[in-house]
Amino acid sequence: MHDTELGPGRPDADECLPYYFEYITLVPDGHVVKLLERQIVESAAFLATFTPDQALRREAPGEWNAVEIVGHLADTERVFEYRALHIARADPAKWTQVEFPGYAAAANHQARPLGDVVAEYAAVRAAFVALLRGLDAAAWERRGPADWTLRSVRAVAYAMAGHERHHLADIRRQHGG
């Protein structure tokens with residue numbers, strides 16, 4: 001069992017495909033659930049400074065703008081929360097693969113104000129945090145089958161924290177921040 005002050009601990013290499021460590025390594029030490037919760041406020045505050053023109057600015061043709069990136073974060077969080085729920089509840093039914101570029105194209109996030117999409121993302125993240133806060137130690141330690149891309153709730157939680165850090169860094173870079 002892990003020290004509850006530090007959280008469930010970082011995922012081990014066998015808890016997900018190596019690809020996800022691109023995001024997991026971006027997560028600082030500390031309690032991952034507290035970080036996920038802090039990110040709600042920090043990201044909303046950062047994004048609240050954007051004008052409508054800044055929110056829709058694209059770095060290059062075909063690249064996502066800030067609104068689309070935040071919409072992608074919300075969609076990804078929904079999907080991965082569901083995957084964490086499968087693992088936490090010992091549900092052996094494997095989820096279907098999701099093609100996030102297709103989700104982004106169908107969502108038409110750029111037609112909405114950034115503030116609305118940020119509020120949606122904050123609500124989705126808050127639901128994920130609530131799920132994680134309600135898990136007991138056994139749920140955090142439980143593993144999905146070896147052929148799943150993500151095999152633990154820890155891996156999902158860390159991947160989501162790092163995924164947000166990755167995309168917010170893209171937005172900062174695009175906007176000189």
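## Model

This is a predicted model: local features need pLDDT of at least 70, side-chain atom pairs count only at pLDDT 80 or more, and totals for chains, interfaces and linings use all residues. Residues are numbered from 1 along each chain as its sequence is written, and side-chain values use heavy atoms, without hydrogens and water.

## Largest pocket

The largest pocket has a volume of about 400 Å³. A pocket is an open set of points on a 1 Å grid over the protein atoms alone, where a 1.4 Å probe fits, with protein on both sides within 12 Å along at least five of seven lines. The volume is the space filled by probe spheres set on the points, joined across faces, edges and corners.

The lining has 21 residues (an atom within 4 Å of a point). Nearest the centre lie Tyr 20, Phe 80, Arg 83, Val 98 and Phe 100. Helices H4 (66–88) and H8 (153–174) each supply at least two lining residues (helices are DSSP runs of H or I, at least four residues, numbered from the N terminus).

## H2 and H8

Helix H2 (residues 32–47) packs on H8 at about 20°, axes 10 Å apart (lines fitted to C-alpha atoms over the stretch in contact; angles run from 0 to 180 degrees between N-to-C directions). H2 is therefore roughly parallel to H8 (under 35 degrees). Their contact (heavy atoms within 4.5 Å) includes Leu 35 and Phe 46 of H2 and Met 160 and Leu 168 of H8.

## H4 and H6

H4 packs on helix H6 (residues 114–133) at about 20°, with axes 9 Å apart. That makes H4 roughly parallel to H6. Among the residues that meet are Val 70 in H4 and Phe 128 in H6.

Methods: Parallel < 35°, antiparallel > 145°, perpendicular 65-115°, else oblique.
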